[in-house]
Amino acid sequence: MVKFIVVGGGGKVAQYFTEHAVKEGHEVHSVIRNDGHSDELKKIGAKIHILSLEDASVPDLTSLFTKVNPDVVIFAAGAGGQPPGPEVIDYQGAVKVYDAMESSNRKRLILIGAVDVRTRDKGWPEWYDDEDKKTSERVWKAIPTYLDAKLKAEIELHTRKQIQFTVVRPGGLTLEPAGGVQLGKTHLKQTSRELVAKVILAIATSKGTEGLTIDVMDGEGSIKDELNKVVEDGTDAWTG
């Protein structure tokens, strides 16, 4: 049994994760900003903690992490286009979680990022094709503030030597049921939210992905086989 704490537990990926993790016998503590998702999370077996990431201090989060004593912290929070915005939640909120993990001596973090988060003046990732480049340009033009906040959070995370992190980066999120998967360095496509949740659970209950950034797309492979390949090859989609 693994004990998880999910920061941003009310989101769809987080709820799918909670449902699958509880069914497999794990314990999930869900941190939500208000009681809006409380009933549905309780129904799928989550233990609820109401704490706004916007308003919480690092000592507040440290106290919660110390009390719960999780094996794995999952950062699933996101502004979702709503106030207070990605700078406050996706970047500053993530940094608060890093600080609280270090203060409470929590080591393992899985962060839900976004595909194509990168310092763009370094040039194109070598595995991108022309279609990927067009998609990248379109998405960065549409949601630059969000992607920039995610980028700053990941750059900061790479400086935190105490934290054993894995960054999971889905493509365009859908509500389709989980099917096959492609992991590692992928083209910019779509990803089932349920599939993201199942990949996170597989990563959290296995070893070898610490320090890696893994793109997650709908594909043809099984989670087990694709994850084994990533671990064996040390495939890292982070380009800085």
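1. Let's start with one residue. His-29 sits in strand 2, which covers residues 27–32. Keep in mind that you're looking at a predicted model.

2. Is His-29 buried or exposed? Its relative accessible area is 8%, and buried means under 20%, so His-29 counts as buried.

3. Leaving out residues up to four places away in sequence, His-29 touches Lys-3, Phe-4, Ile-5, Val-6, Lys-47, His-49 and Val-68. With one of these, His-49, there is also a side-chain polar contact of 2.8 Å.

4. Zoom out to the strands. Strand 1 (residues 3–7) runs parallel to strand 2, and the two pair over five bridges. For instance, Lys-3 has Glu-27 in strand 2 as its bridge partner. As a reminder, strands of a sheet pair through backbone hydrogen bonds, either parallel or antiparallel.

5. Both strands belong to an open sheet of eight strands, ordered 3-2-1-4-5-6-10-8, and the pairing is mixed. At the edges you'll find strand 3 (47–50) and strand 8 (181–184), each pairing on one side only. On average, neighbouring strands here are turned by 20° against each other, ignoring direction.

6. Next, a couple of helices. Helix 4 (residues 86–103) lies across strand 1, strand 4 (72–75) and strand 5 (108–112), and it runs at about 170° to strand 4. Helix 8 (residues 223–233) packs on the sheet too, touching strand 8 and strand 10 (213–218), with its direction at about 15° to that of strand 8.

7. Finally, the annotation. An unreviewed UniProt entry lists residues 8–206 as "domain: NAD(P)-binding". That span is 43% helix and 18% strand, and its end C-alpha atoms lie 23 Å apart.

How values were computed
Residues are numbered from 1 along each chain as its sequence is written. This is a predicted model: local features need pLDDT of at least 70, side-chain atom pairs count only at pLDDT 80 or more; totals for chains, interfaces and linings use all residues. Side-chain values use heavy atoms; hydrogens and water are left out. Helices (H or I, at least four residues) and strands (E, at least two) are DSSP runs, numbered from the N terminus. Buried means under 20% relative accessible area, exposed over 50%, partly exposed in between (1.4 Å probe, protein chains only). A polar contact is a pair of N or O atoms within 3.5 Å; within protein, one must be able to donate a hydrogen and the other to accept it, and residues adjacent in sequence count only if both atoms are side-chain atoms. Contact means heavy atoms within 4.5 Å. UniProt positions are given in the numbering used here, feature names are shortened, and annotations may be inferred rather than shown by experiment. Two strands pair if DSSP finds at least two bridges between them. Axes are lines fitted to C-alpha atoms, for helices over the stretch in contact, and angles run from 0 to 180 degrees between N-to-C directions.
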